[in-house]
Amino acid sequence: MAGLLLAAGSGSRLGRPKALVEFGGERLVDRGVRTLHEGGCDPVMVVMGAAETEVEGVTTVRNPEWNTGMGSSVRAGLDALPGSVDAVVIALADQPLITSHAVRRLLGTRGTGARAAVATYHGNQRNPVLLGREHWSTVYALAVDDVGARPFLRTYSHLVTPVECQDVSRPDDIDTPEDLERLTGLLEGT
């Protein structure tokens, strides 16, 4: 069960690549990798683009088309997954309050036969997402511009197992300096 962290964006509204932003004493890219590893994903791969950096314990995938949006990062990541991988959990680097508990819950759906699952928060689909290999070509075809797996999740909702994660995780993302300040406050309990 692989983990795929999407970390290619430039963070235009934030003013710097999100992957390199410090949050809770670590870079967002390192935090996302740790979350996937601790959640049970192996191997973990990171899709980079606007920024290049070393990330320990993972394979880094370069997305030369990162500026076209998240869809190209999903496609680059799926292309790079080893043939031995049967399923992948896809997460975003700019959601630092996603926890390994949410990743484990998604992986746990495999025991009930789920081949696609999505973390939900008060019933709303967000991230991370688990996708069995048989769905990758469909996700690949639908991931264009700045959308990843969302079109697949909506079009094939009958195949997707919702996994409530509100009690163990938060899907808030960091897009602006104000978001970073607010989420830092949440992390520090202020």
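Sorted by class, the residues lining the largest cavity come out as nine nonpolar, four polar and one charged. Here Ala, Val, Leu, Ile, Met, Phe, Trp, Tyr, Cys and Pro count as nonpolar, Asp, Glu, Lys and Arg as charged, and the others, Gly among them, as polar. A cavity is a set of points on a 1 Å grid over the protein atoms alone where a 1.4 Å probe fits but cannot get out, while a pocket is an open set with protein on both sides within 12 Å along at least five of seven lines; lining residues have an atom within 4 Å of a point.

Keep in mind that this is a predicted model, with local features needing pLDDT of at least 70 and side-chain atom pairs counting only at pLDDT 80 or more, though totals for linings use all residues. Residues are numbered from 1 along each chain, and side-chain values use heavy atoms without hydrogens or water.

Back to that cavity: its volume is about 100 Å³, meaning the space filled by probe spheres set on the points, which are joined across faces, edges and corners. Of its 14 lining residues, Gly32, Thr35, Leu92, Gln95 and Ile98 lie nearest the centre. Helix H1 (28–39) gives the largest share, five residues.

Now for the largest pocket, with about 920 Å³ of space. Among its 34 lining residues, Lys18, Met70, Leu92, Asp94 and Asp146 are the closest to its centre. Strand E8 gives the most to this lining, four residues.

Key:
Helix = DSSP H or I, 4+ residues; strand = E, 2+ residues; numbered from the N terminus.
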